[in-house]
Amino acid sequence: MSVILETSELPAVFDGVKLAAVAAVLYVIVRCLNLKSPTAPPELIYQDSALARFLLKSCPLLTKEYIPPLIWGKSGHIQTALYGKMGRVRSPHPYGLRKYLTMPDGATATFDLFEPRSEHCTGEDVTMVICPGIANHSEKQYIRTFVDYAQKNGYRCAVLNHLGALPNIELTSPRMFTYGCTWEFGAMVNYIKKTYPQTQLVVVGFSLGGNIVCKYLGESQANQERVLCCVSVCQGYSALRAQETFMQWDHCRRFYNFLMADNMKKIILSHRQVLFGDNNMKKPQSLSDADLGKLYTATSLMQIDDNVMRKFHGYSSLKEYYEEESCLQYLHRIYVPLLLVNAADDPLVHESLLSIPRALSEKRENVMHVLPLHGGHLGFFEGSVLFPEPLTWMDKLVVQYANAICQWEKTKPHCSDTEQAVSGQE
């Protein structure tokens with residue numbers, strides 16, 4: 001009789017274990033995918049001004065709820081991973097002309113030029129000058145998707161190809177792109193200004209490109225001439241502050257750091273003959289074979305920056321390199337309308353870094369900080385349940401903001417409070 005009782009109880013025990021296992025799996029899925037997180041309009045930090053009121057009225061995306069794909073879109077890691085792996089879905093192939101510019105040190109800068117495919121909503125000639133993220137270029141899918149959308153909205157687009165990033169373009173000097181070097185971007189902007197004297201500029205930077213464009217504008221007031229506005233998406237603002245957080249394991253930042261460092265190593269090593277070759281008399285004297293050996297064993301971007309990148313520009317230490325090349329000290333010198341976009345769940349940008357754009361937007365009438373809950377790092381996918389749409393929230397926001405600024409320039413009242421603020425700051 002006891003044997004019969006024991007065998008009848010076993011199935012119930014196994015069923016309980018199964019239910020517990022299923023519950024545990026569902027709990028992990030809900031936590032990892034952040035399914036309980038709400039959808040909401042982005043948080044906006046700005047000062048009340050005529051410009052801000054006009055933007056809130058003219059840019060519905062600033063006040064509209066951002067809804068990512070239901071199943072996975074609330075995970076910053078998945079948004080970031082999908083952006084990094086596939087860039088965009090059904091990415092178009094806009095046609096552009098590649099331009100080559102010789103720099104004073106012998107480097108050859110390249111950028112791709114895309115003409116507008118329709119008339120701009122204001123009837124004006126407007127060019128977007130675009131700086132991609134780290135090691136990126138005009139052939140990346142997220143850039144192609146954005147350029148195609150901007151062209152359809154009447155914008156000419158000029159996209160910088162970071163020095164050394166294109167696999168089919170050889171370096172012509174012992175230097176490649178770095179965290180904050182604005183030389184190539186400045187050369188591209190000057191070319192556009194000279195070639196199209198009637199055009200006005202919208203400056204756009206993604207991730208590392210956001211640092212470069214903000215630093216470029218703040219370096220000189222002349223760099224802001226004919227610039228209507230600037231948009232920076234998913235940058236970290238200060239490499240010096242970010243380096244500690246980038247070595248931490250929370251939100252897997254140390255893992256992302258390793259992956260990005262591995263990609264940088266591959267790019268540098270593909271140009272090692274130009275950068276490290278013994279017959280290259282122009283290479284930095286501080287760059288040696290020992291640095292090449294350290295490059296092979298590097299597991300973080302900071303190690304690569306310290307052993308290689310800073311030496312292209314003669315910095316004596318990593319601290320000096322990060323301090324001088326970050327846009328942090330230049331942001332307050334930007335007087336054109338400035339939109340700073342980050343995602344609260346960006347695994348690469350620590351939340352402590354977001355105090356920088358927040359503080360700036362609380363003081364400057366020309367600055368607005370936009371912080372949606374979701375989006376990851378350059379993800380910002382939209383969609384109903386599982387499959388994302390080709391255009392992202394980010395693509396639409398940048399064009400919508402640029403359209404609004406162009407309209408503002410045509411219709412703004414004389415001596416607006418933004419102009420008064422700028423004249424007072426000058």
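**Close-up views of a predicted model**

**View 1. A nonpolar surface patch that includes Ile 71.** Ile 71 has a relative accessible area of 36% and is therefore partly exposed, where buried means under 20% relative accessible area, exposed means over 50%, and partly exposed lies in between (1.4 Å probe, protein chains only). The model is a predicted one, in which local features need pLDDT of at least 70 and side-chain atom pairs count only at pLDDT 80 or more, while totals for chains, interfaces and linings use all residues. Residues are numbered from 1 along each chain as its sequence is written, and side-chain values use heavy atoms, with hydrogens and water left out. Ile 71 sits in the loop between α3 (60–63) and α4 (76–86), helices (H or I, at least four residues) and strands (E, at least two) being DSSP runs numbered from the N terminus. Together with Leu 70, Val 385, Leu 386 and Phe 387, Ile 71 makes a nonpolar surface patch of about 480 Å². Patches are made of residues with over 30% relative accessible area and no salt bridge, with like charges joined within 9 Å and nonpolar side chains (Val, Leu, Ile, Met, Phe, Trp, Tyr) within 5 Å; accessible areas come from the Shrake-Rupley method with a 1.4 Å probe, and for residues only the protein chains shown count as cover.

**View 2. The salt bridge between Arg 358 and Glu 43.** The structure holds 18 salt bridges, a salt bridge being a side-chain nitrogen of Lys or Arg within 4 Å of a carboxyl oxygen of Asp or Glu. In this one, the side chains of Arg 358 and Glu 43 meet at 3.1 Å, N to O. The pair links distant parts of the chain, with Arg 358 in helix α14 (residues 355–363) and Glu 43 in strand β1 (residues 43–45), 315 residues apart. Arg 358 is partly exposed at 29% relative accessibility, and Glu 43 is partly exposed at 36%.

**View 3. The salt bridge between Lys 311 and Asp 291.** The two side chains meet at 2.8 Å, N to O. Lys 311 lies in the loop between α12 (301–307) and α13 (318–325), whereas Asp 291 belongs to helix α11 (residues 289–297), so the pair ties together parts that are 20 residues apart in sequence. Lys 311 is buried, with a relative accessible area of 10%, and Asp 291 is buried at 3% relative accessibility.

**View 4. The salt bridge between Glu 323 and Lys 319.** The side chains of Glu 323 and Lys 319 meet at 2.7 Å, N to O, and both residues lie in helix α13, four residues apart, which is about one turn of the helix. Glu 323 is partly exposed, with a relative accessible area of 35%, and Lys 319 is partly exposed, with a value of 48%. Elsewhere, salt bridges that share partners join Arg 98, Asp 112 and Glu 139 into one network.

**View 5. Arg 254, a buried residue without a salt bridge.** Arg 254 is found in helix α9 (residues 253–270). The nearest side chain of opposite charge, that of Asp 250, is 11 Å away; Lys and Arg count as positive and Asp and Glu as negative, while His and the chain ends are not counted. Leaving aside neighbours within four places in sequence, Arg 254 is in contact (heavy atoms within 4.5 Å) with Phe 246, Met 247, Gln 248, Trp 249, Thr 299 and Ser 300.

**View 6. Tyr 401 in helix α15 (residues 393–411).** Tyr 401 is buried, with a relative accessible area of 1%, and α15 is mostly covered, with 14 of its 19 residues buried. At 1.5 Å a residue, the 19 residues of α15 should span 27 Å, and its end C-alpha atoms are 26 Å apart, which agrees; the expected span is 1.5 Å times one less than the number of residues. Leaving aside neighbours within four places in sequence, the contacts of Tyr 401 are Leu 55, Cys 59, Cys 229, Cys 230, Val 231, Pro 337, Leu 338 and Leu 339. The C-alpha atoms of Tyr 401 and Pro 60, which are 341 residues apart along the chain, are separated by 9.5 Å.

**View 7. Positive phi at Arg 90 and at Tyr 237.** Arg 90, although not a glycine, has a positive phi of about 50 degrees; Arg 90 lies in the loop between α4 and β2 (97–102) and is exposed, at 65% relative accessibility. Tyr 237, also not a glycine, has a positive phi of about 75 degrees. Tyr 237 lies in the loop between β7 (227–233) and α8 (239–245) and is buried, with a relative accessible area of 0%.
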